[in-house]
Amino acid sequence: MERKIHVVPVVLFLWWEIGAPGRSYTRWAASMAVALDTGVPWVMCKQQDAPDPVIDTCNAFYCEGFTPNKNYKPKMWTENWTGWYTAFGGATPIRPAEDIAFSVARFIQNRGSFVNYYMYHGGTNFGRTAAGRFIATSYDYDAPLDEYGLPNEPKWTHLRDLHKAIKQCEPSLVAVDPTLILIANNIEAHVYKTTTSCAAFLANYNTGSSAKVRFGNGVYDVPAWSISILPDCKTEVFNTAKVSALRFERKMTPVIGRFGWLSFNEVPESSGPNDRLTADSLLEQVYVTKDSSDYLWYMTDVNISPNEGFLRNGQSPVLTAMSAGHVLHVFINGQLSGTAYGGLDNPKLTFSDSVKLRAGNNKISLLSVAVGLPNVGTHFEKWNAGVLGPVTLKGLNEGTRDLSKQKWSYKVGLKGESLSLHTESGSSSVDWVQGSLLAVKQPLTWYKTTFSAPAGNEPLALDMSTMGKGEIWINGQSIGRHWPGYKAGGNCGACNYAGTYTEKKCLTNCGQPSQRWYHVPRAWLRPGGNSLVVFEEWGGNPAGISLVKRT
């Protein structure tokens with residue numbers, strides 16, 4: 001039986017992950033694509049019922065057991081996950097080079113014909129384009145080429161050498177199906193042999209012990225959870241667990257240690273008689289904002305009788321606000337009363353704390369903040385964000401007052417956004433302060449400065465470790481959300497490459513900011529007079545911001 005590694009030079013890709021209710025739509029999409037008559041194959045990933053002639057493919061950490069839905073279709077791996085994304089509040093996942101090489105060799109030895117990496121080059125979620133809720137601005141993904149375009153060693157070199165070894169096996173791989181030889185418990189050989197060529201893969205699936213594998217006329221040392229590749233069935237040219245490349249830790253070296261900052265403080269919004277959008281209910285955030293901003297103000301008034309007992313006994317009432325996510329800042333009469341936030345696994349949150357109210361009218365302003373949009377899951381288009389209630393005030397003479405159905409006013413975005421303070425022209429519309437008047441560790445603060453591009457061509461980043469949460473702009477272009485105030489949770493114990501990998505297995509950076517450094521593309525910089533604007537929600541110290549180079 002003849003096997004082919006490369007069907008055609010080009011494959012058109014339909015990224016598809018639709019469940020049972022969408023099968024009729026899947027068939028329509030496939031028919032539409034095929035009808036374009038491009039002359040090259042179409043593929044659908046993770047769609048086992050992809051209709052002919054579309055090729056169904058695999059996306060996963062491991063795909064050796066995958067088989068296409070027709071035996072004449074090639075076995076293709078469209079996404080071999082080189083790592084995993086970092087979430088704000090989460091640790092950084094690392095996938096060992098030994099394991100990803102093992103996964104590729106195991107796929108090829110089991111008749112695999114095509115492997116594509118996701119990601120091969122890490123990236124950056126510039127602006128507000130993060131690929132889901134709570135996804136960090138960095139999309140480095142522990143890829144062979146990192147977010148900055150530099151080799152991630154030893155992964156980059158190890159995978160390069162792996163594919164060189166597989167290429168040497170090509171005459172045998174494209175000619176025949178393999179013969180499986182069971183050598184011992186969890187030890188086997190996959191042999192591709194023709195009359196003129198022979199290639200063998202010696203596999204040890206044990207996770208705790210290496211093996212001396214007798215094959216042909218030789219004995220081979222095969223470490224735990226590894227595969228040795230023998231392009232001539234005699235000489236081992238590569239083993240997935242034997243990493244020859246040096247492990248290299250990239251350094252972040254300051255090139256501008258301090259900036260000369262100016263600041264501007266926003267005044268929290270509050271309800272007024274001329275509010276354009278009001279409702280006697282709590283509205284869903286994205287429905288109101290249409291994703292034009294991360295921010296939505298929920299504003300209402302609370303009248304307190306001078307006879308209220310708490311005014312005399314000092315036991316302040318408790319405000320409770322329940323939100324579908326993702327961050328909530330509570331302002332009472334223009335002063336920050338507290339902040340609550342969710343996380344990737346549970347974006348919902350509840351703020352519940354005592355608040356200082358006075359006799360007469362009190363302004364309640366809730367600033368709800370979205371951190372990305374949902375991008376995967378059943379009916380994710382119906383998932384909510386924002387303050388949906390209930391919102392209650394407990395500890396009054398009347399007991400608990402439900403504020404949920406009283407009149408609420410809404411305002412989309414921040415004043416600084418409407419004034420385009422992140423641009424050079426917009427920043428001149430307000431009065432900035434500096435020196436002893438510079439705002440430090442105050443919420444809703446805008447900062448700006450200018451700088452010259454440092455010499456050299458090394459990739460650049462901003463160290464934001466002394467800031468809380470917000471967004472950053474370079475010359476009017478957003479380099480993304482920053483949130484170093486959200487420390488990484490998780491279990492960052494020792495990482496053993498052997499054994500099945502998951503995104504929870506090899507974690508780093510626990511207890512540190514989920515993301516400290518934020519990529520600044522050199523292509524966005526001018527030789528001099530570059531504008532840097534930072535919006536800070538929580539309150540941070542801009543004196544600690546520095547520009548670093550990655551080496």
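**An open sheet and a lysine**

Guide: In this predicted model, five strands make up an open sheet, ordered E17-E28-E34-E30-E31, with antiparallel pairing. Strand E17 (262-265) and strand E31 (477-482) are its edge strands. From one strand to the next, the twist averages 20 degrees.

Visitor: What makes E17 and E31 edge strands?

Guide: Each of E17 and E31 pairs on one side only.

Visitor: How do you know that strand E30 pairs with E31?

Guide: Pairing requires at least two bridges between two strands. Five bridges join E30 (residues 470-474) to E31, and therefore the two count as paired. They run antiparallel, and glutamate 471 stands opposite arginine 481 in E31.

Visitor: Where is lysine 75 placed?

Guide: Lysine 75 is in the loop between strand E3 (55-60) and strand E4 (76-81). Its C-alpha is 62 Å from that of glutamine 434, a residue 359 positions away in sequence.

Visitor: Why is lysine 75 called buried?

Guide: The term applies under 20% relative accessible area. Lysine 75 has 7%, so it is classed as buried. Leaving aside residues up to four places away in sequence, lysine 75 touches residues including Cys63, Glu64, Phe66, Pro68, Phe107 and Arg111.

Visitor: What polar atom of phenylalanine 66 lies 3.3 Å from the side chain of lysine 75?

Guide: That atom is the backbone oxygen of phenylalanine 66, and the distance of 3.3 Å is to a polar atom of the lysine 75 side chain. The cut-off for a polar contact is 3.5 Å, so this pair falls within it.

Key
Residues numbered from 1 in each chain as written. Predicted model: local features only at pLDDT ≥ 70, side-chain atom pairs only at ≥ 80, totals over all residues. Heavy atoms only, no water. Helix = DSSP H or I, 4+ residues; strand = E, 2+ residues; numbered from the N terminus. Buried < 20%, exposed > 50% of the residue type's maximum accessible area, 1.4 Å probe, protein only. Contact = heavy atoms within 4.5 Å. Polar contact = N/O pair within 3.5 Å; in protein donor to acceptor, adjacent residues only side chain to side chain. Axes fitted to C-alpha atoms, helices over the stretch in contact; angles between N-to-C directions.
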